[in-house]
Structure formats: C-alpha cells, structure tokens
Amino acid sequence: RYPGINGIGVIHQVQPSELDAYLARQRVLRPEFNVHPFAERDIYQPITFIEPVEINAEAVGLDMMHETNRMTSLAKARDTGIAQITGPIVLVQDEEGTSGFLFFAPYYLSQEIDTIEDRQDNFAGAVYAPFIVHKLIEGVLGQDRRNVQIRLIDGTTVIYDEFSPEHADFDSRPLGTKSIDIDIHGRHWIVDVRAGLNFRAANPRSESVIILIVGVVINLALFFVFFLLTRANRRGLRFSQTATAAL
C-alpha cells in the first residue's frame, strides 16, 4: 500500500502521573526503554513500539512533544480523527539526514465521540509510520518506471529534487514541464515534473517531424476533398437552375 515505508509503530499518550508505571511496564521486556529527549511536560507521547526495530532503534521512546511539526500534526490528527502527516522533518533514524515525514492515524479509548473535546478526552495515541522521502519516491516512482524528473515541494520547502545538472537524466532544455497540486493527509504538496534526457531519447525529433509532415499532408488532402465537393455542389446548382429554366 505504501512503497518506501520505513516502518510502522504505535504511539501512546501518557499522563505525567502515569509515567513511572508506564516506564516500569515497558522495561519488563526492554530494560533500557526510556522517553527521550526527556523534559517536564504536561503530556508525553512516546513511540512505544515500532517494526522493524533494527533500522528504527533511534525512534523507540522518542517523545512527539519535543518538536513542533510532530506535536502539531499529532494534535491535528487527535482533534479531527483523520490521519495526518507532518511537515518536513529529519527522522532520527535517518543517518543521511534527508527530508522525511511521519504519518499519524489516531485511536481512542471510546467509540462514543462527537466533539473535539470528546476526542481530546479519549485520545489514547496513534498508529504511526515514518517515511524517508527519497525512499518513498524510489518505491512509488522509481527511475525505471518513468522518463521524467521530479521535484517535490511541501509548502515552501523542497523535500525532493532531481532538477540538478548533476542528475544523470537532467535536460537543460526539457521538451515539456508540468506542475501538479496534491492535498495529502493535511499537507499541500506541489509536484513539479519535467522531461529528462530519457524522455528525449524515447521521443526523437525525427518522429516529431514525420508527424508534422503527415499532419500537413492530411490537411492538404482534406482541403482538396472539400474543394472538389464545393465545386461539384456549384456545378449541381448550375445544372438545376438550367433544368428549371428549361422546364
């Protein structure tokens, strides 16, 4: 469903008064489990579980309340009951430090929820997934499946960019460009697309010239047919007029 996904996990909401008991439960199987970066807060929202844990170990115990993008998007998911993604962030498990984002799907202690207050009072946490943008692009739109280059913009931030002379498919005079607006889980993305060298190779200029010549020939043929039909119509009208006068 989501090529390029870096994992899937669970975030629990923990009250300060419950933090010690929560940590004790988690440390039964994971003695080193801790909430980080730790600070005195009104609420804690740590990543409790994630799979695969090997490539996401740095995220275990990470508190969503420590950073604005994470905190804001999770609060929006909580208040709306609708899945949300964060703005651009760098994932703690991404050693390359490239752009990424988190996906939050909220869940609640009760199904009897009608208002924002109900959602806030019954919020238990979220199922979440981390995405590294370049892995997402490779999984969804790998170079082997397209002949164009892509630039992805979240708001005003470029989170993925192939529009560079260093890119192997870069064409300084692209045969075509297009910009696509996408509203996705609470964020507005702009996907800029431009034809690359592979596109040019797959659409050689000789084919364009042939298509142009054939189009001109067809137009001339149609013009000639219309001319003959018009002349025949005029001859028919003259004949009918002559026949009418004779009668």
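Q: Which residues make the nonpolar surface patch of about 560 Å²?
A: In this predicted model, Val214, Ile218, Leu222, Val225, Phe226 and Leu229 make the nonpolar surface patch. One of these residues, Ile218, lies in helix α6. Ile218 has a relative accessibility of 46%, so this residue counts as partly exposed.

Q: Which residues form the positive surface patch?
A: Arg231, Arg234, Arg235 and Arg238 form the positive patch. Arg234 is found in helix α6, which covers residues 205–246. With a relative accessible area of 55%, Arg234 is exposed.

Q: What is the order of the strands in the open sheet?
A: Strands of a sheet pair through backbone hydrogen bonds, and the pairing is either parallel or antiparallel. Here five strands form an open sheet in the order β2-β1-β5-β4-β3, with antiparallel pairing. The edge strands are β2 and β3 (84–85), each of which pairs on one side only.

Q: Which residues stand opposite Ile11 in β2 and in β5?
A: In β2, Ile11 stands opposite Ile47. In β5, the bridge partner of Ile11 is Ala126. Strand β2 (residues 47–51) runs antiparallel to β1, and four bridges join the two. Strand β5 (residues 123–132) also pairs with β1 in the antiparallel sense, over four bridges.

Q: How many bridges join β4 to β5?
A: Nine bridges join strand β4 (residues 100–108) to β5, and the two run antiparallel. Among the facing residues, Phe101 stands opposite Phe131 in β5.

Q: Which peptide bonds are cis, and where do their prolines lie?
A: Most residues other than glycine have a negative phi, and most peptide bonds are trans. One cis case is the peptide bond from His36 to Pro37, with omega near -15 degrees. Pro37 is found in the loop between α1 (19–26) and β2. Another is the peptide bond from Glu51 to Pro52, where omega is near -10 degrees. Pro52 has its place in the loop between β2 and α2 (68–80).

Q: How many salt bridges does the structure hold?
A: Side chains of opposite charge can pair when their charged atoms come close. The structure holds seven salt bridges. One of them joins the side chains of Arg78 and Asp79, at 2.8 Å from N to O. Both Arg78 and Asp79 are buried.

Q: Which parts of the chain does the salt bridge between Asp192 and Arg151 tie together?
A: The closest N and O atoms of Asp192 and Arg151 are 3.3 Å apart. Asp192 lies in strand β9 and Arg151 in strand β6, so this pair ties together parts that are 41 residues apart in sequence. Asp192 is buried, with a relative accessible area of 13%, whereas Arg151, at 25% relative accessibility, counts as partly exposed.

Q: Where do the partners of the salt bridge between Arg200 and Asp171 lie?
A: The side chains of Arg200 and Asp171 meet at 2.8 Å, N to O. Arg200 lies in helix α5 (residues 197–202) and Asp171 in the loop between β7 and β8; the pair links distant parts of the chain, 29 residues apart. Arg200 is partly exposed, with a relative accessible area of 24%. Asp171 counts as buried because its relative accessibility is 5%.

Q: Is Thr156 buried or exposed?
A: The relative accessibility of Thr156 is 80%, so Thr156 counts as exposed. This residue is found in the loop between β6 (148–154) and β7 (157–161). Thr156 and Asp20 are 136 residues apart along the chain, and their C-alpha atoms are separated by 41 Å.

Technical notes
Residues are numbered from 1 along each chain as its sequence is written. This is a predicted model: local features need pLDDT of at least 70, side-chain atom pairs count only at pLDDT 80 or more; totals for chains, interfaces and linings use all residues. Side-chain values use heavy atoms; hydrogens and water are left out. Buried means under 20% relative accessible area, exposed over 50%, partly exposed in between (1.4 Å probe, protein chains only). Patches are made of residues with over 30% relative accessible area and no salt bridge: like charges are joined within 9 Å, nonpolar side chains (Val, Leu, Ile, Met, Phe, Trp, Tyr) within 5 Å. Accessible areas come from the Shrake-Rupley method with a 1.4 Å probe; for residues, only the protein chains shown count as cover. A salt bridge is a side-chain nitrogen of Lys or Arg within 4 Å of a carboxyl oxygen of Asp or Glu. Lys and Arg count as positive and Asp and Glu as negative; His and the chain ends are not counted. The place of a charge is taken as NZ of Lys, CZ of Arg, CG of Asp or CD of Glu. Two strands pair if DSSP finds at least two bridges between them.
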